[in-house]
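Please look over the model shown here before reading the notes on its helices and loops.

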Amino acid sequence: MPSLVGSEMCIRDRYESFENPGTVSVAIMWLSNILSGPLRVVFFTLIVLLIVKFFFGESAKYSELLPYISYAYLVTVLETIVKTPLMLSKWSIEVYTGLGLLGIGEKGTFIYNLLAGLDLFSVWRIVLIGIALGVFFNKNAKPFIIGISIYWLFQLSLFAGIAALFT
């Protein structure tokens, strides 16, 4: 019986830490929220640079591509403007603006995670990046859109599979 009381206290303490986080937890949360957007842009620019160099044989510098990717990521601002009121009205962070609306599959399965990731704003972002690369290299944008889409679908599938394993 004492172990039950101890584990019950541990659960209460854990619940209390979620309900009333400490200053360090709040600081880490704010810092991670502030840094996550720029880090996504930085890493995706690196991925696009690798795709452009290895699959298309184009010559470009990281610093030349960064502004194009950054402008394409401004779609995230519109995404936030659309999704935030939906989240507040549902009182949930699970808001979908793509194939996740279909609700196919059980929560946590591969197909559910994959469809939830196929988002209108993500597709829009990829198309903008492809068009920007077409303008930058003075070539047709379609191959760039296809190349980045293949990478994006691969990444989406990989993360959906990993999420399904741990759910």
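## Basis and confidence

This is a predicted model, in which local features need pLDDT of at least 70 and side-chain atom pairs count only at pLDDT 80 or more, while totals for chains, interfaces and linings use all residues. Residues are numbered from 1 along each chain as its sequence is written, and side-chain values use heavy atoms, with hydrogens and water left out.

The pLDDT, the predictor's confidence in each residue from 0 to 100, has a mean of 87 over the protein chain, and 90% of the residues reach 70 or more. Among the elements of the chain, the lowest mean pLDDT, 63, belongs to helix H1 (residues 2–19), and the highest, 96, to H6; helices here are DSSP runs (H or I, at least four residues), numbered from the N terminus.

The 18 residues of H6 should span 26 Å at 1.5 Å a residue, and the end C-alpha atoms are 26 Å apart, which agrees; the expected span is 1.5 Å times one less than the number of residues. Its buried residues (under 20% relative accessible area, 1.4 Å probe, protein chains only) include Phe-121, Arg-125, Ile-129, Leu-133 and Phe-137. The buried residues of H6 pack against H2, H3, H4, H5 and H7, where contact means heavy atoms within 4.5 Å.

## The contact of H3 with H6

The axes of H3 (residues 62–72) and H6 (residues 120–137) come within 9 Å and cross at roughly 145 degrees; these axes are lines fitted to C-alpha atoms over the stretch in contact, with angles from 0 to 180 degrees between N-to-C directions. Glu-64, Leu-65, Tyr-68, Ile-69 and Ala-72 in H3 meet a set in H6 that includes Arg-125, Leu-128 and Phe-136.

## Helix H7

H7 has 24 residues and reaches 34 Å from its first C-alpha to its last, close to the 34 Å expected at 1.5 Å a residue. Phe-144, Gly-147, Ile-148, Trp-152, Leu-156 and Ala-160 are the buried residues of H7, and what covers them includes H2 (23–56), H5 and H6.

## Two loop residues with positive phi

Trp-91, in the loop between H4 (75–90) and H5 (110–117), has a positive phi of about 55 degrees although it is not a glycine. Trp-91 is exposed (over 50% relative accessible area), with a value of 74%.

Asn-138, in the loop between H6 and H7 (142–165), likewise has a positive phi of about 55 degrees without being a glycine, and at 72% relative accessibility Asn-138 counts as exposed.
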